[in-house]
Amino acid sequence: MKRRRFIQSAGLGSIALALSIQDELTYAKFFKQNPLALVDIQLFEYEFPRLNKNGQLIGLKKLRNKYFLEELSADQPLEMVAVSSGKSWRDSPRSEHLTRASVRPRHAGTVTAFFISKYPITQLQWAAVAALPKVKQELDPFPAHFQGPRRPVESISWLEAVEFCMRLSHKTGRTYQLPREAQWEQACRAGTRTPFNTGATLTSEWADYVSTYAYAGETTGNYRRQTQAVGSFAPNAFGLHDMHGNVWEWCADCWQPNYRRPSLTEGTVRAIRGGGWLDPPERLRSASRSGYDQHGLNRTIGFRVMTVLS
């Protein structure tokens, strides 16, 4: 057993499409605080799947979106993908199968355009940033339980993920942060209002989770029992991978059990989104949410980062 021991919690277990982001960002270049470093906005192409309630592929749709590369080290880039602005709905209707009270009542807000990492932060990316000068605390360069350079880093606390963001911000001159829940759900849904960004359900062909359980009418699938290399599954309509499953993802927000109260500004339990390899499909829904202690380490929790170019 690694020294960063496994802590399992019982609780774990619309907008326009990508091309609608503000036109002025299409080929814009943004100067960092270091004027020698530029951000070059480019386009990439991808296909995303749509499934029916039986888990059958309806079709693959070709799309393009914008991204830029952030160099973490000489040979380790971080791909940052555009998420367009728009009205954000955080909820699931009562009619949605296996919905929970934690995602109600319906909660609306406006999310401005931002960029988010294409994948959960990998172990190679973590090690590259862990080698940068400390801001507030030390970082173990190799914390993950499931080792693999392209696997998502896990077994890291919320505080360590924040340290990663601070080191990256100091290096680049841009402000990198964990996404807020509203931003995370905007990125995950990518214009959809269905339980999953794939449609009415999900199968093990498209995500890493406990697929021996079915959500709707799909056939049960292959349960892999561990994390998978990022990008092993098709992206959503924004071109983002692993928004469902693989690892839960830390968010900036303090956890609260539902949307009835104003957002908390202080607390030690933080929101996590997306579900992971140890969860049944209902925990992977776009609206699904949970919380975990900010000091805790868990082999099912990783993160991704976001930034705003302005």
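Author: Two strands pair if DSSP finds at least two bridges between them. Strands (E, at least two residues) and helices (H or I, at least four) are DSSP runs, numbered from the N terminus. The model is predicted, so local features need pLDDT of at least 70 and side-chain atom pairs pLDDT 80 or more, while totals for chains, interfaces and linings use all residues. Residues are numbered from 1 along each chain as its sequence is written, and side-chain values use heavy atoms, leaving out hydrogens and water.

Reader: Which are the edge strands of the open sheet of 4 strands?

Author: The order in this sheet is β11-β10-β9-β12, and the pairing is mixed. A strand at the edge pairs on one side only, and this holds for β11 (289-293) and β12 (301-302). The edge strands are thus β11 and β12.

Reader: Which residue in β11 stands opposite R270?

Author: Strand β10 covers residues 269-273 and pairs with β11 over 5 bridges, in the antiparallel sense. Opposite R270, β11 places Y292.

Reader: Which residue in β10 is the bridge partner of W250?

Author: β9 and β10 run antiparallel and are joined by 3 bridges. Across from W250, the partner in β10 is I272.

Reader: Which residue in β12 stands opposite E249?

Author: Here β9 pairs with β12 in the parallel sense, over 2 bridges. The residue of β12 that stands opposite E249 is G302.

Reader: How many of the 7 residues of strand β9 are buried?

Author: Buried means under 20% relative accessible area, exposed over 50%, and partly exposed in between, with a 1.4 Å probe and protein chains only. Strand β9 (residues 248-254) is largely enclosed by the rest of the structure, because its buried residues number 6.

Reader: In the open sheet of 5 strands, which strands stand at the edges?

Author: This sheet has the order β3-β4-β5-β8-β13, and its pairing is antiparallel. Two of its strands have a single partner each, so one side of each is left without a neighbour in the sheet: β3 and β13 (306-307).

Reader: What is the bridge partner of I116 in β13?

Author: Strand β8 (residues 114-117) runs antiparallel to β13, and 2 bridges join them. I116 has as its partner in β13 the residue M306.

Reader: Which residue in the turn between β3 and β4 has a positive phi?

Author: Strand β3 (residues 42-51) pairs with β4 over 10 bridges in the antiparallel sense. P49 has L60 in β4 as its bridge partner. The two strands form a hairpin with 5 residues between them, and the positive phi, about 80°, belongs to G55.

Reader: What type of aromatic pair do F44 and Y67 form?

Author: Rings of Phe, Tyr and Trp (its six-membered ring) pair if their centres lie within 6.5 Å; planes under 30 degrees apart count as stacked, over 60 as edge-to-face and the rest as tilted. The structure holds 9 such pairs. F44 and Y67 lie 5.4 Å apart, centre to centre, with 85° between the planes, and the pair is therefore, by the cut-off of over 60 degrees, edge-to-face.

Reader: Which residues do ring pairs link into a cluster with F44?

Author: F44 in strand β3 and Y67 in strand β4 are 23 residues apart in the chain. Both F44 and Y67 are buried. The cluster joins F44 to Y46 and Y67.

Reader: Against which elements do the buried residues of α1 pack?

Author: Helix α1 (residues 123-130) is mostly covered, with 7 of its 8 residues buried. Among them are W126, A127 and V129. Taking contact as heavy atoms within 4.5 Å, the buried residues of α1 pack against β4 (57-73), β5 (76-83) and α2 (158-172).

Reader: Which element gives the largest share of the lining of the largest pocket?

Author: On a 1 Å grid over the protein atoms alone, a pocket is an open set of points with protein on both sides within 12 Å along at least five of seven lines, a cavity is a set where a 1.4 Å probe fits but cannot get out, and lining residues have an atom within 4 Å of a point. The largest pocket is lined by 16 residues, with W158, Q177, L178, R180 and A252 nearest its centre. Both α2 and β9 supply at least two lining residues. The largest share, 4 residues, comes from α2.

Reader: What is the volume of the largest pocket?

Author: A volume is the space filled by probe spheres set on the grid points, which are joined across faces, edges and corners. For the largest pocket it is about 270 Å³.
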